Amino acid sequence: MGNFDSSTNTVSITSIEAFVNHCKSASKNVGAFDDLNLSQAENYVFGNDESDALHWDATMASLLTDNASKYSTYSDYDSSYAEDYTADLDETDSLGNDTYYRQNMYNPMYYLSDYYDGYETSTVATYWRIRTGITQGDTALTVETNLALALKQYDSVEIVDFETVWNQGHTTAERTSDSTTNFIEWVNECLSDM
């Protein structure tokens, strides 16, 4: 899978397939962030005043609708899934914002990439510190990598301190010490450079 060089404290990957199988196994079921039973944190992020948790994934809604006859052959399939997803996509919050609007507000790439309508419509922070664990299975490494790359391309961003930490999980991944201490030290360092 890989070779560790203790003199440089680096690893080289010799097989992507072995690396993924060993370090990046998926930790979520199908529908990862928009779970069939509304149990993921993201279901609550896109809830509204009427419902604490809502479905928000239009792709899942389409798959469930388009493949209903195929999925109905499975014993654990519930025909109400497609209806629930479709109905939730039409829900708005108390300000009249639909789920697509709320998803854009949640997605930093909406403001950082010219692919999206929100590009350059927000004030982007000047300094960023991003840590992610290489063994986290919640998302692909490309999520954090794309964010870091987009930030580095953004004119008003001065510092992007990005590291993927070996043998760490999804959150508070640090090589040494703890995330709170390291973050405070990083902020102080940024302030001293001003």
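## Working through charges and patches

Asp161 is partly exposed, having a relative accessible area of 21%. Here, buried means under 20% relative accessible area, exposed means over 50%, and partly exposed is in between (1.4 Å probe, protein chains only). The model is a predicted one: local features need pLDDT of at least 70, side-chain atom pairs count only at pLDDT 80 or more, and totals for chains, interfaces and linings use all residues. Residues are numbered from 1 along each chain as its sequence is written, and side-chain values use heavy atoms, leaving out hydrogens and water.

**Exercise 1. Find the salt-bridge partner of Asp161 and say where the two residues lie.**

Step 1: Start with the rule, which asks for a side-chain nitrogen of Lys or Arg within 4 Å of a carboxyl oxygen of Asp or Glu.

Step 2: Apply it to Asp161, and Arg131 turns up, with the closest N and O atoms 3.1 Å apart.

Step 3: Now place the pair. Asp161 sits in strand β4 and Arg131 in strand β3, so the bridge ties together parts 30 residues apart in sequence. Helices (H or I, at least four residues) and strands (E, at least two) are DSSP runs, numbered from the N terminus.

Step 4: Check the cover over Arg131: its relative accessibility is 16%, so it counts as buried.

**Exercise 2. Decide whether Arg129 and Glu174 are buried or exposed, and find what joins them.**

Step 1: Their side chains form a salt bridge, 2.9 Å from N to O.

Step 2: Arg129 belongs to strand β3 (residues 127-133), while Glu174 is in the loop between β4 (159-165) and α9 (179-192), 45 residues away.

Step 3: Both Arg129 and Glu174 are buried.

Step 4: For the tally, the rule gives four salt bridges.

**Exercise 3. Find which residues make up the nonpolar surface patch, and which elements give two or more of them.**

Step 1: Nonpolar side chains (Val, Leu, Ile, Met, Phe, Trp, Tyr) join a patch within 5 Å, like charges within 9 Å, for residues with over 30% relative accessible area and no salt bridge.

Step 2: That picks out Phe4, Val11, Ile13, Ile16, Val20 and Trp166, making about 550 Å².

Step 3: β2 and α1 (16-23) are the elements that give two or more residues.

Step 4: Phe4 comes from strand β1, and at 54% relative accessibility Phe4 counts as exposed.

Conventions:
Accessible areas come from the Shrake-Rupley method with a 1.4 Å probe; for residues, only the protein chains shown count as cover.
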